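Let's take a friendly walk through one protein model together. Have a look at the sequence and the fold before you read on.

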Amino acid sequence: MKCVLHIGTEKTATTTIQEFLYHNRVQLGNFGIGMSSVLGMPNNRKLCAYFQKDFDDYFFRQGLHSLSQRETHFLGMLDSLKEEVAELDANNGKLFVITSEHFHSRLLEISEIEHLRDALAEIFTETRILCYFREQSELVRSLYSTAIRVGYDTPFRNFAETANPDNNYYNYFKFFSKWSEAFGKNRVSAMIFDGKKFYDGDIRKDFLRRVDQE
């Protein structure tokens, strides 16, 4: 069973893609494409959280504040994922899709990505990485707009200072090189987030087309 791992990036219509996939889960299943119920829905962030070293808002919202609580929270998750994949395989499934933009912002060290790779290798015959990239100045503006809506009041100039080459979040070469190194250059695909470049002008159709090509 092959896996397509959609890792973002953030602010590239990931929520739209995820909601579309899970809304049409039954129909996609008829074409042999499966998705997980145990990794969080529609954002499979639980898998990302499993491999990240740092505690963040995911853990705090779950009420997890210690390593023992964290261990209990994830107990049996990978085994449950294996069971999902085995069930899909038994029903002539051909592809499993995992999606979370938090792979972009949370797995910062190559060791975290390698641990993810090794775990997926125990479940899938092959894993391929899909990632959309949004031009950085547009990304900053989109993030700032979101921040303003939730009460952030720092001037845009100060906010934009974080967008520099030293920041893994904005330095796409630095960010994606780690995934390329971990999974192999022939297993990673990068796409520009631009409506004019989407298949039929639709990010959902574009994503499914790329998944089907895998």
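Which residue forms a salt bridge with Glu10, and how far apart are the closest N and O atoms? The partner is Arg106, with the closest N and O atoms 3.9 Å apart. A salt bridge here is a side-chain nitrogen of Lys or Arg within 4 Å of a carboxyl oxygen of Asp or Glu. The pair links distant parts of the chain: Glu10 lies in the loop between strand 1 and helix 1, while Arg106 belongs to helix 7 (residues 102-106), 96 residues apart. By this rule the count comes to 16 salt bridges.

Before going further, please note that this is a predicted model, in which local features need pLDDT of at least 70 and side-chain atom pairs count only at pLDDT 80 or more, while totals for chains, interfaces and linings use all residues. Residues are numbered from 1 along each chain as its sequence is written, and side-chain values use heavy atoms, leaving out hydrogens and water.

**The sheet**

Helices (H or I, at least four residues) and strands (E, at least two) are DSSP runs, numbered from the N terminus. Five strands make an open sheet in the order 2-3-1-4-5, and their pairing is parallel. Two strands pair if DSSP finds at least two bridges between them. Strand 2 (33-35) and strand 5 (188-192) are at the edges with a single partner strand each, so one side of each has no neighbour in the sheet. On average, neighbouring strands are turned by 25° against each other, direction ignored.

Strand 1 (residues 2-6) pairs with strand 4 (residues 126-133) in the parallel sense over five bridges. Within this pairing, Val4 has Arg128 of strand 4 as its bridge partner. Helix 1 packs on the sheet and touches strand 1, strand 2, strand 3 (95-99) and strand 4; its direction makes about 140° with that of strand 3. Contact means heavy atoms within 4.5 Å.

**Two helix pairs**

For the values below, axes are lines fitted to C-alpha atoms, for helices over the stretch in contact, and angles run from 0 to 180 degrees between N-to-C directions.

| Helix pair | Angle | Axis distance |
|---|---|---|
| Helix 1 (residues 14-23) and helix 12 (residues 203-213) | about 70° | 9 Å |
| Helix 8 (residues 110-121) and helix 11 (residues 172-183) | roughly 40° | within 9 Å |

Angles under 35 degrees count as roughly parallel, over 145 as roughly antiparallel, 65 to 115 as roughly perpendicular and the rest as oblique. Helix 1 and helix 12 are therefore roughly perpendicular to each other. Their contact is made by Thr16, Ile17, Phe20 and Leu21 of helix 1 with Ile203, Arg204, Phe207 and Leu208 of helix 12. These residues divide into six nonpolar, one polar and one charged. Ala, Val, Leu, Ile, Met, Phe, Trp, Tyr, Cys and Pro count as nonpolar, Asp, Glu, Lys and Arg as charged, and the others, Gly among them, as polar.

Helix 8 and helix 11 are therefore oblique to each other. On the helix 8 side, the contact is made by Ile110, Ile113, Glu114, Leu116 and Arg117, and on the helix 11 side by Lys178, Trp179, Glu181, Ala182 and Phe183. Here the division is six nonpolar, no polar and four charged.

**Backbone details in the loops**

Where is Thr9 found? Thr9 sits in the loop between strand 1 and helix 1, and the peptide bond from Gly8 to Thr9 is cis, with omega near 0°. Lys11 is found in the loop between strand 1 and helix 1 too, and its phi is near 65°, a positive value in a residue other than glycine. A cis peptide bond also joins Met41 and Pro42, with omega about -5°. Pro42 has its place in the loop between strand 2 and helix 3 (45-51).
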